[in-house]
Amino acid sequence: MKRKSVSILLAAILCVGAAFPAYIQDEKVEAQESQATLQGLEPIEGRVIVKVNPDFEGAKDEEDKKNSTSSEDSYTMETLLTMSESEEDANSTKAKSSANETEKMMVAESDELSTEELVKELEDCPGVEYVEPDYAIQSYAVPNDTYFAQQWNLQRQTSTTPGAANVPYVWGATEGSDEYVVAVVDSGVDYNHPDLKDNMWTDENGNHGYDFSGDALTSSGDTDPMDVFGHGTHVAGIIGASGNNNMGVSGVAQKVKIAALRVLDNEGQGSTSMAIKAYEYMLEQKEKGVNFVAANNSWGGAYLSRSFQDIVDYAAKQGIVSVFASGNTGADMDANVNAPYGSNTEGTIVVNASDQYGHAADYSNYGKINTELFAPGDKILSTKPGTILQKEKYGIMSGTSMAAPNVTGAYALLKAYYGNSADMSEIRARLAGGVTRTEELKDLCVSGGYLNLQKAIESPYPVLDELSQKDGQAVISGYFFGNGMGTVVMDGQSLPIVSWGDREITVELPKGTVEGPHEFVVTAASDASQYGRDTFVLENKGVIVENETLFDELPVPDYEKLGVSLYDDESMMYSVESVSGNIYVTGGDLYEMREGERYVVLLVYNTDENEWDKISTWIPLGLDVKLTVSGDTLYIYSNKGTGFEIYSYDTAQNTEFVKVAEFARSESIQNSSIATDGNKLYVVGGSERNPSDGTYAPTNKVYSVDLLSGACVEVARLANARVNASVEIMDGKLIAVGGENADGQWENSVEIFDGSKWTAGVSYPNVYENQMPAAASGVYAGQMVVSGMMSDEAHTSDTYLYNVKDGKWMETDKNLDDEKVYFADGVVSGDYFYVFGTTHMKNDTMSKFYRLDMTKVNAVPAVPGDDTKNPADVQGGDDTKNQETPQKTTGEPSDPVQGSDPAPTTKDPSATITKSAVTAPKGTAGKTASGTGNKNKVSVKSVKSTKSTKTGDESTAAVWSTLLCAAGAAVVIGKRKRQ
């Protein structure tokens, strides 16, 4: 079927107060038919619209009549519109074909000819400019729900609601389908709510889901997922409140089935294991034939959960997409780790919150790499639970918890729209590419915009899902690349195209491409504005990667080959030390499993041979494990929560591990920092548990351990409480830099301890606030090296030198990496500064090992940052108030001292610690720090452990605390460390 081109606007048809303009594009009729059918609007059979000029014979003699019958008896024609010649045409010198200078829009109709036959009959007639089908149209549907007008998120995008999601565009074709089930993994759902009850899923026993929360009747849960907290009911209403029922509100999907999977209790708390159980339940129902298509997760936390990520990935393989709220702390998720969702993969969608004008909500998290799109989340009206006596069952909430269900509901709606013609990956891609882009949002998420369902259906932007490497080429897979050859750009450099398809593109990678993250931009051939982008990590496995502006990247351990496991969340700080040219690495995430228990393991890197080995221990794995060194002796600090143990290991003599100290505390303190001068070992700061509510907060407490006697006492406290501070011994003084403060930010102040009191140093240069506040450190040539805190969002700098004597900070010309490095620690060995940490991108957590040649570093003066408190103001800094006297390890420590009160003296000065030998496991005694034993080359970046924790054990499960947004909506999860 052919037609001539045209670019003219037809009439706008009004229905139920909504206009539906029809535009004619310069495309083939087949394309128009396809698009109309795609939108659920079929061409009207046997009827076409014809544009004619005065040369058209069929209408010349009947132009003054409203109805005109052509010379062909097979169809009739009616004039719709007579168009006078424009002023521009009237002044033209072009010769006229007729005395009557008008054009007409006509409709031709036949009872005998099909639409296609009618087009063929007319398109070659003289005077016909084009012929096209007469498409059926309908208004954007507007439901009759009482409060629909107040649901700005569901409106069309207009001047008053430019940030709306254009949901009525889809409602014109479908309101959803009860064939599809969506899981609300939350605080339950009020399944008796009048606006939800008709859309609640029911199992074979009449239950609407399951309760896995701590308020369930049994430890294994119960069958009543009723919502008390209120969060889940609000989320459920956004996804699928009944529409067109003359009451309340409408959901994005007016028809859908909602399964209530309760994991949050009456206070909004839950655990990773509960969420895993909810997914397991959903997958079991899926196997029984229940058509689960999506799971909404409007919660998050501060730590990764590999086990939860694994089950989310498995659910994706079963066709279930998982939608996550990004969080409400205004954090950059490219510089923070927010668990348990991880980040965007093909089976997940991470959603930020926007307001009705399309602006990012000021509380919303964001991330150009690790979040997908924005969606309405500010001041969202939805359902809330209540009894029959409570008149009002609706309320307004704000947060990314509200943004996520707008996307989940949109997914269910599009699933009903496309049915089996589009799988999970395509519908997810339509949402990821179906956005309204703005300058404000372009660098705040992958898509650069906020949800627009009309765009998702009509012309989604290209979406890049995966990248694989082979023989110097990269294969990019995704959606909507177009069939014509467009362009692919990596970090601003155009790449040669090997092959191009709508779903897959192969390109040549530049020679010498540096390992690490690279941004790829795919632009379709049809339209330069139709581009998609994403960031992928390119690998160069098993080799040392040198770089002019970054630290060199070294091979990481092959955990599987070494028999080393990583704890489930992989979210503990590493600790790094150096003895005799060997680099030692440990941490609370590294362990060996023997006889059903977890034990500390030391990784050893031989700097001469660039190979990894391990040293096994019988030291039980603590909440966090740290290293410090004096001479050839390595000290291992193992935190037990309400106390800690310290072991020594003579690397030169390959001796047994010896316990040199043990200390008990009344409350748990985690993530402290340690350093030693060879005589005393200092335990600095950390996160202390509040006994009244079980929450953790930074502490300013400092402990000193006499390594000869084992005596342990509290000494003068820091002025500023800090967690995971960078601490070093320099010129006989203890230096504390950075760490996380009470505001959750990097602590700029520097404090110096001389053995009796703390004094102020020169503050660390200001850094980018929205990042995880921890850094690696070491000492080189009388200067403290601190690396890992990004100076700004552009990651201009992240490595500084501190000269304590001169009180100067220097900014170096080297960055640790292009991406944020988490949980890192460092050490200087010879002329090299080594750092071990992890990076997190696209749901991938990877161990990283770096090296910086300090002789090649250039530095310029840096401006000191903003300070907070003056350490001189801290009481208890007087040595006479803090005599270091031994404390019994079996007794309780002194009463907790709050705030900045003087640190107490210990009660029993007579107690000492008896050393107890701990022998190495059988078969490991011959392994020394020089790396003898397993000398196989390491060639794998990182091998994830396939083991997971016992999710049913509440002592190891993550416990989440509730953080409500301005309207009490969004749940943010903070995890309690394993005990």
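**Briefing: buried spots, cores and confidence**

Let's start with Gly 622, which is buried at a relative accessible area of 5%; buried means under 20%, exposed means over 50% and partly exposed is in between, using a 1.4 Å probe and counting protein chains only. Keep in mind that this is a predicted model, where local features need pLDDT of at least 70, side-chain atom pairs count only at pLDDT 80 or more, and totals for chains, interfaces and linings use all residues. Residues are numbered from 1 along each chain as its sequence is written, and side-chain values use heavy atoms, with hydrogens and water left out.

**The chain as a whole**

- The chain has 979 residues, and buried ones make up 60% of them.
- It holds twelve helices and 57 strands; these are DSSP runs numbered from the N terminus, with helices (H or I) of at least four residues and strands (E) of at least two.
- Take the contacts (heavy atoms within 4.5 Å) with a separation of 6 or more: 65% of them join residues 24 or more positions apart.
- Accessible surface comes to about 37800 Å², and carbon and sulfur atoms own 46% of that; the areas come from the Shrake-Rupley method with a 1.4 Å probe, and for residues only the protein chains shown count as cover.

**Around Gly 622**

- Gly 622 sits in the loop that links strand S33 (611-620) to strand S34 (625-630).
- Skipping residues up to four places away in sequence, Gly 622 touches Ser 638 and Asn 639.
- Gln 670 is 48 residues from Gly 622 in sequence, and their C-alpha atoms are 9.9 Å apart in space.

**Nonpolar cores**

- The largest nonpolar core has 65 residues, and those with the most contacts inside it are Val 407, Leu 414, Leu 431, Leu 451 and Leu 453. Such a core is a set of buried Ala, Val, Leu, Ile, Met, Phe, Trp, Tyr and Cys residues joined through side-chain atoms within 4.5 Å.
- Helix H9 (residues 400-418) supplies the largest share of this core, twelve residues.
- Apart from that core lies another, of 28 residues, including Tyr 210, Ala 278, Ala 295 and Phe 324.
- Zooming in on Leu 453 and ignoring neighbours within four places in sequence, its contacts are Ala 165, Asn 166, Val 167, Tyr 169, Val 170, Ala 410, Leu 413, Leu 414 and Leu 431.

- Helix H6 (residues 231-240) is mostly covered, with ten of its ten residues buried.
- Among the buried residues of H6 are His 231, Thr 233, His 234, Gly 237 and Ile 238.
- The cover over H6's buried residues includes strands S8 (176-186), S10 (255-262), S11 (292-297), S15 (380-383) and S16 (394-397), along with H9.
- Ser 382 lies in strand S15 and is buried, at a relative accessible area of 1%.
- The Ser 382 side chain reaches the backbone oxygen of His 234 at 2.7 Å, and it also reaches the backbone nitrogen of Ile 238 at 3.2 Å.
- Those two count as polar contacts: N or O atoms within 3.5 Å, where within protein one must be able to donate a hydrogen and the other to accept it, and residues adjacent in sequence count only if both atoms are side-chain atoms.
- Beyond four places in sequence, Ser 382 is in contact with Thr 233, His 234, Gly 237, Ile 238, Val 249, Lys 393, Tyr 394 and Gly 395.

**Positive phi**

- Most residues other than glycine have a negative phi.
- Ser 580 is not a glycine, yet has a positive phi of about 50 degrees. It is found in the loop between strand S29 (574-579) and strand S30 (582-587), and is exposed at 63% relative accessible area.
- Asn 654, also not a glycine, has a positive phi of about 50 degrees. Its loop runs between strand S36 (643-650) and strand S37 (657-664), and Asn 654 is partly exposed at 22%.

**Cysteines**

- Searching the whole structure turns up zero disulfides, taken as pairs of cysteine sulfur atoms within 2.5 Å.
- Cys 125 is partly exposed, with a relative accessible area of 21%, whereas Cys 712 is buried at 2%.

**Confidence**

- Mean pLDDT (the predictor's confidence in each residue, from 0 to 100) is 79 for the chain, and 76% of the residues reach 70 or more.
- Residues 59-71 have pLDDT below 50, and this stretch has 17 contacts in the model beyond near neighbours in sequence.
- Residues 86-100 also have pLDDT below 50, with eight contacts beyond near neighbours in sequence.
- Where pLDDT is low, the predicted coordinates should not be read in detail.
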